[in-house]
Amino acid sequence: MTEQTLVLIKPDGLARRLTGLTIDRLDASGLQMVAAKMVGVSEKLAREHYKSLSDKPFFENLIKYIRGEFHGLKDHRVLAMVYRGENAIKKVREVCGATNPEQAAAGTIRGSFGRITTAGQFENVIHASSDPSDAAREVALWFKPEEILP
Ligand code: DAT
Ligand code: MG
């Protein structure tokens, strides 16, 4: 089934100059990039994006992380993209690797480049939607329909 999925290159990915490497790995998956833009992540957008995790102990740090506050990104930037193709949601998740960088398989983006800070913060370079309902919600949250190629 042709799917669309939201990808964010997170502040650690941008600050550590991993943007090109990350896109290169996504390119190799054969999926098509159908939207891309730099976004300054507002507090509201961050909380809406991660609302299903609002009861987690790491939630407030997660909001600071995605807004670039741990990486000195004063404009709160991330690179937001939409990838499209056969089984795009699962394929992108496979390229990303597991949430915890320590458990992410070698050769995945998170396995190669993710880390856990001494304060315990997961810095895993990339966000990718986890299932079809998340993907639909997240693509609509980050992009206007006219920003996505038909
Ligand atoms: P994913 O990003 O793989 O979809 P998620 O949606 O469960 O994972 O969590 C979103 C982000 O929250 C994740 O990328 C990093 C952070 N996170 C998740 N679990 C965590 C934990 N146990 N400790 C610290 N940060 C965590
Ligand atoms: Mg998730």
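Colleague: Which residues surround ligand 1?

Modeller: The model is predicted, and the shell is read from the residues near the ligand. Here ligand 1 is surrounded by Lys10, Tyr50, Leu53, Phe58, Leu62, Arg93, Thr99, Arg110, Phe122 and Asn124. By class, this shell divides into five nonpolar, two polar and three charged residues.

Colleague: Which side chains have a polar atom facing an oxygen atom of ligand 1, and at what distance?

Modeller: A polar contact is a pair of N or O atoms within 3.5 Å. In arginine 93, a side-chain N or O atom is 2.8 Å from an oxygen atom of ligand 1. For arginine 110 the corresponding distance is 3.0 Å, and a polar side-chain atom of asparagine 124 lies 2.8 Å from a ligand oxygen. Ligand 1 taken alone exposes 520 Å², of which the protein buries 76%.

Colleague: How many aromatic pairs does the structure hold?

Modeller: Two values describe a pair of aromatic rings: the distance of the centres and the angle of the planes. This structure holds zero such pairs.

Colleague: What sits over the ring of phenylalanine 143?

Modeller: The charged end of lysine 37 is placed over that ring, 4.7 Å from the ring centre.

Terms used
Residues numbered from 1 in each chain as written. Chains lettered and ligands numbered in written order. Predicted model: local features only at pLDDT ≥ 70, side-chain atom pairs only at ≥ 80, totals over all residues. Heavy atoms only, no water. Near = heavy atom within 4 Å. Polar contact = N/O pair within 3.5 Å; in protein donor to acceptor, adjacent residues only side chain to side chain. Areas by Shrake-Rupley, 256 points an atom, 1.4 Å probe, with all protein chains shown as cover. Nonpolar A, V, L, I, M, F, W, Y, C, P; charged D, E, K, R; others polar. Phe/Tyr/Trp six-rings, centres within 6.5 Å; stacked < 30°, edge-to-face > 60°. Lys NZ or Arg CZ within 6 Å of the ring centre and 35° of its normal.
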